[in-house]
Amino acid sequence: MVISNKPLNLFLAIVILTMPFLGFSNAEKDSLTVEKHAAEAGHAATEHKVEGAVKTKDAVNAYIEHHLQDSYDFNFFSDGEKGVHYGFSLPIILWDNGLKVFSSSQFHNDKEVANVDGTFYKLHHGKIYVSDAEGSLALDGHDHPTNVKPLDFSITKNVVSMLFAAFLVFFMFTSLAKAYKKNGGLPSGFGRVLEPLIIFIRDEIAIPNIGEKKYRKFMGYLLTVFFFIWILNLLGMTPLGINVTGNIAVTVCLALFTFLITQFSANKDYWKHIFWMPGVPVPMKIILMPIELLGTLTKPFALLIRLFANITAGHVVIMSLIAMIFVGKNLASDMPISIGLTLFISIIEILVAFLQAFIFTMLSSLFIGMAVQDHDHDDHH
Amino acid sequence: MDKLINDFSFGLFFWQAIILVVLILLLVKFAWKPIMTTITEREEGIKDALLSAENAKKEMMALKSDNQKLLDEARAERDAMIKEATAIKDKMIADAKEDAQAQGAKMIEQAKATIESEKNNAVAEIKNQVSSLSLEIAEKLLKEELSNTESQTKLVEKMLADVKLN
């Protein structure tokens with residue numbers, strides 16, 4: 001867990017750092033604008049009555065939270081004042097006493113209730129519950145509904161984004177493979193950019209961590225994961241509003257893959273080091289056993305939290321900085337600050353997009369390397 | 001943590017797993033395998049080419065030094081041959097000179113001997129000729145002088161007179 005502290009700290013630090021900005025813009029609105037822009041304030045007051053205009057700190061927070069979550073619609077942008085969303089609905093697939101497939105546009109009504117073959121489903125905070133015609137939910141103490149949740153296999157926004165990224169990666173690298181065939185083993189066009197990256201993954205990540213002899217078997221996984229995460233991270237930087245790698249289910253799945261590959265490719269030495277650590281006294285062996293066993297779980301756990309926290313933090317920071325324009329009232333002073341900071345953080349985030357993909361791949365190969373390498377018992381412990 | 005667990009969507013997890021597995025399988029089959037094979041082959045090719053170039057260079061160097069050695073040997077041989085030839089020539093000249101000298105000396109000696117013997121022969125012949133000539137003369141003279149008895153008696157007397165004197 002030592003490793004995972006760092007990104008969490010970073011995440012917290014960034015969140016805390018951004019708070020003053022939000023606070024400042026708020027203060028300005030509360031005190032100065034009321035007096036200075038009396039006429040404007042009056043205009044703004046009328047605007048505030050229209051629901052959904054993202055103008056307040058709470059509205060911004062809600063908007064960011066909404067962005068970070070998965071969605072049943074693919075929204076490119078929305079007009080809060082008119083309550084219009086621009087995008088397209090995605091299919092919802094439920095397993096609730098049989099397969100139920102319908103468009104998410106059925107939720108687009110006042111109560112967010114869809115009537116499918118006589119069963120009513122209610123969309124509540126991005127989750128689907130079985131409900132009645134009124135869309136009433138029974139809430140528990142934590143405001144979580146206690147209604148039955150059907151098994152949800154919907155093609156959500158994140159699934160579409162992943163399919164898009166997967167297609168992109170597949171297209172890029174099959175075209176590189178084809179270019180090799182056509183060009184007599186030499187890359188052409190965009191492949192010249194991709195090839196050094198593949199060699200980088202092989203020479204800087206796979207071979208040093210796994211070893212010259214065994215790395216070849218894991219290259220497929222490492223390369224796929226690296227480019228998949230990287231493309232998804234970069235897609236998150238586009239204005240399409242995609243946030244796939246900042247979703248806990250995605251990172252859990254990725255980390256689980258690394259975990260399973262590590263465990264299934266582990267050799268005898270690896271298990272021996274977990275259950276009966278050589279070179280230490282017997283009582284220590286017994287104490288070390290659960291620690292080592294837990295260690296196998298914390299490693300992928302650190303992996304999933306790191307990726308999730310970094311990407312989420314990036315999205316929160318960028319959206320908060322952009323929101324400064326809308327929360328603050330003085331456009332002339334807020335805009336340069338907001339745009340400047342957003343640009344700065346965006347550049348850092350592009351670096352982070354690569355870095356997180358790199359670190360994920362790096363640590364995956366490190367864990368795999370630890371599981372498959374042949375230990376020399378004399379030099380360590 | 002409660003929020004994280006609440007945010008966890010099984011559907012997304014399910015799709016992610018399927019997409020990832022399918023993507024890995026497809027990429028391994030259609031991209032990574034051919035790409036890695038090509039890259040490895042190319043690297044091996046480059047390594048081989050470099051190695052063979054290095055070898056060729058070494059071979060060239062070896063050849064060059066061999067050539068140099070051969071050249072040096074040839075040069076040394078030529079020098080030795082020239083030297084030998086000079087020596088032989090000198091010796092031949094010396095030998096010839098010596099031979100010629102010896103031959104000359106021998107010839108001179110022979111000539112001398114021949115001349116000597118010829119001379120002796122000639123002298124002997126002359127002597128014989130002279131003696132026979134003088135005998136003839138003496139005979140003719142004697143015949144002339146002793147053709148009459150008077151002169152014969154005169155001679156005998158004279159001889160007797162000579163003998164007496166002795």
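Biologist: Which strand of chain A holds Phe102(A)?
Modeller: This is a predicted model, where local features need pLDDT of at least 70, side-chain atom pairs count only at pLDDT 80 or more, and totals for chains, interfaces and linings use all residues. Residues are numbered from 1 along each chain as its sequence is written, with chains lettered from A in the order in which they are written. Strands are DSSP runs of E, at least two residues, and helices are runs of H or I, at least four, numbered from the N terminus. On that basis Phe102(A) falls within residues 99–103, which is strand β4.

Biologist: Is Phe102(A) buried, exposed or partly exposed, and what is the count behind that?
Modeller: Buried takes 20 or more other C-beta atoms within 10 Å of the residue's own, exposed takes 12 or fewer, and partly exposed is in between, with C-beta atoms placed from the backbone. Phe102(A) has 18 within 10 Å, so it is partly exposed.

Biologist: Which residues is Phe102(A) in contact with, leaving aside neighbours within four places in sequence?
Modeller: Contact asks for C-beta atoms, placed from the backbone, within 7 Å. Pro91(A) is eleven residues away along the chain, with 5.7 Å between the two C-alpha atoms. The contacts of Phe102(A) are Ile92(A), Ala114(A) and Val116(A).

Biologist: How are α9(A) and α10(A) oriented to each other?
Modeller: Axes are lines fitted to C-alpha atoms over the stretch in contact, and angles run from 0 to 180 degrees between N-to-C directions. Helix α9 (residues 282–327) and helix α10 (residues 331–372) of chain A pack at about 170°, with axes 8 Å apart. Angles over 145 degrees count as roughly antiparallel. So α9(A) and α10(A) are roughly antiparallel.

Biologist: Which element gives the largest share of the side of chain A that touches chain B?
Modeller: The contact takes 34 residues from chain A and 29 from chain B. On the chain A side, the elements giving two or more residues are α4 (157–182), α5 (191–210), α6 (219–237) and α7 (248–265). The largest share, twelve residues, comes from α4(A).

Biologist: What radius of gyration does chain B have?
Modeller: Chain B reads α-α-α along its sequence, and its C-alpha atoms fill a box of roughly 205 × 30 × 10 Å along the principal axes. The radius is taken over C-alpha atoms, and the globule rule is 2.2 Å times the number of residues to the power 0.38. A compact globule of 166 residues would come out near 15 Å, but chain B has 65 Å.

Key. Contact = placed C-beta atoms within 7 Å. Parallel < 35°, antiparallel > 145°, perpendicular 65-115°, else oblique.
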